[in-house]
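Work through these exercises with the model open. Each task is followed by a stepwise solution.

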Amino acid sequence: MSELDPAVMSALRAVADDPVTYVAEWKAKSGGRAIASFPMNFPAEIVHAVGALPVVVQDDPTPVTEGRSLLAEFYCGYTRSVADQAALGKLDVFDAFVAADHCVQLLGAVDVIRWARPDKPVHFAQFTSAMDDSWTKPRVASRIEECVRDVETALGVTVTAEALAASIRSFNENRRRLRELYDRRRSGRVRITPSDMQTLVKSSMIMDVREHTALLDRLLAQLDPTAEPRGDLVRLHLSGHFCHGPRPELLDLLEESGAIVVDDDLYTGYRYISTDVPESGDPLAALSDWYLERNNNAPCPTRVTTQIDWDTYLIDSIEKSRSDGVVVLMAKFCEPHMLYYPELRKALDARGIPLLLLETEHEGLPAETVRTRMETFVERIRRSPAAVSL
Ligand code: SF4
């Protein structure tokens, strides 16, 4: 199996591990401004088109302190971490904040930012969650226009159609490169660990998009397309975990028991890069189409499309990637995921697809418990009748 270039990965990891330092250095170097957005729906292209740096705010792995008194304990770790970072001034490097709604808990975190940093512009767009009603399309289009107007007001600039079209092309190029890495991983010819894949996607949420694409080109150029896949490992699909990447230490444990992760639908993963924005026609309409189309390509339990569901998508993905089982990573108190999980479980059980649920917490990782459960899960798959070739 071919491996990723360590020097490039180390540069990307430095950004993924410390987004604020990257943003501060980018601002000092370029004289530009940086706008923070929140998962999972805000189109970064709008911010990029005005020459600012769009950055998806990441979970901070340090324990929540100030944020404890600002949001209830039953908010998910990501929202409590955002509240904490805002209260501690860790997000002060950003010149404005933009959010497109997908979850009540996120609204709470955005309210904390308004309260903790009243001098910073905060724009909130209520994107409709019913994706195929007759009124959905015009409503989404008007929300996208609203986002553009608010970014223009916050920065005192104008978004031109040409600049927006150029930004759309740049982000599409970047997504294409990342999807190519996903394809290579599925083929088994390239070894990309789940924590490396997270580094690749997370850094794309932070870095200047063209700088990031250039690094991906270096990675891709060095891969050996003829490397032989390994046939002795249990192939796994990682599912779930919205809004922030699971801890790298947890991801590393998943492959320690003779398994290899070949695909995922994590937000800090394939969900983020699943869909390109159309490059022809009106760029604002193209961004609306992107929002609607994404739920067909990687259905999200926070959206509703009558003909599409996450379980069917997951089963198709498992077939395409020839995965032997699914590990579901669920962030504690993530309501949309908790509510949808029984449907996923039912669908996978009905097809005899092995499934392991691991709940993650913001503070603490029960490493030994995870290791033991993974070893048992991998052994169960190896002994199943469907796995005779492993
Ligand atoms: S979708 Fe889940 S992880 Fe994201 S903000 Fe809502 S509760 Fe938190």
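**Exercise 1.** Which residue just after helix 4 takes a positive phi? Then decide whether helix 4 is enclosed or open to solvent.

*Solution.* Bear in mind that this is a predicted model.
- Step 1. Go to the residues just after helix 4: Gly89 has a positive phi of about 80 degrees.
- Step 2. Take the helix itself, residues 77-87. A residue is buried if its relative accessible area is under 20%.
- Step 3. Gly77, Tyr78, Thr79, Arg80, Ser81, Val82, Ala83, Asp84, Gln85 and Ala86 are buried in helix 4.
- Step 4. That makes ten of the eleven residues, so helix 4 is largely enclosed by the rest of the structure.
- Step 5. Look for the cover. Helix 5 (104-116) is included in what covers the buried residues.

**Exercise 2.** Which residues surround the ligand, and how do they divide by class?

*Solution.*
- Step 1. List the shell: Cys76, Thr79, His102, Cys103, Gln105, Phe242, Cys243, Cys334 and Pro336.
- Step 2. Sort by class. Six are nonpolar, three are polar and none is charged.
- Step 3. Look again at Cys243. It sits in the loop between strand 7 (234-240) and helix 10 (248-254).
- Step 4. Check its backbone: phi of Cys243 is near 65 degrees, positive in a residue other than glycine.
- Step 5. Check accessibility. Cys243 has a relative accessible area of 12%, so Cys243 is buried.

**Exercise 3.** How are helix 13 and helix 14 oriented to each other, and which residues make the contact?

*Solution.*
- Step 1. Helix 13 (residues 310-321) and helix 14 (residues 335-350) pack at about 50 degrees, with axes 9 Å apart.
- Step 2. The two helices are therefore oblique to each other. Their crossing is right-handed.
- Step 3. Helix 13 contributes Trp310, Asp311, Leu314, Ile315 and Ile318 to the contact. Helix 14 contributes His337, Tyr340, Glu343, Leu344, Ala347 and Leu348.
- Step 4. By class, the contact has eight nonpolar, one polar and two charged residues.
- Step 5. Follow the chain into the loop between helix 13 and strand 9 (325-331), where Arg322 lies. Arg322 is not a glycine, yet has a positive phi of about 55 degrees.

**Exercise 4.** Is Leu164 buried or exposed, and what does it contact?

*Solution.*
- Step 1. Find Leu164 in helix 7 (residues 161-187).
- Step 2. Its relative accessibility is 3%, so Leu164 counts as buried.
- Step 3. Set aside neighbours within four places in sequence. Leu164 then contacts Glu45, Ile46, Ala49, Val159, Pro283, Leu284 and Leu287.

Key:
Residues are numbered from 1 along each chain as its sequence is written. This is a predicted model: local features need pLDDT of at least 70, side-chain atom pairs count only at pLDDT 80 or more; totals for chains, interfaces and linings use all residues. Side-chain values use heavy atoms; hydrogens and water are left out. A residue is near a molecule or strand if one of its heavy atoms lies within 4 Å of it. Ala, Val, Leu, Ile, Met, Phe, Trp, Tyr, Cys and Pro count as nonpolar, Asp, Glu, Lys and Arg as charged, and the others, Gly among them, as polar. Buried means under 20% relative accessible area, exposed over 50%, partly exposed in between (1.4 Å probe, protein chains only). Helices (H or I, at least four residues) and strands (E, at least two) are DSSP runs, numbered from the N terminus. Contact means heavy atoms within 4.5 Å. Axes are lines fitted to C-alpha atoms, for helices over the stretch in contact, and angles run from 0 to 180 degrees between N-to-C directions. Angles under 35 degrees count as roughly parallel, over 145 as roughly antiparallel, 65 to 115 as roughly perpendicular and the rest as oblique. A crossing is left-handed if the near helix is turned anticlockwise from the far one by less than a right angle, and right-handed if clockwise.
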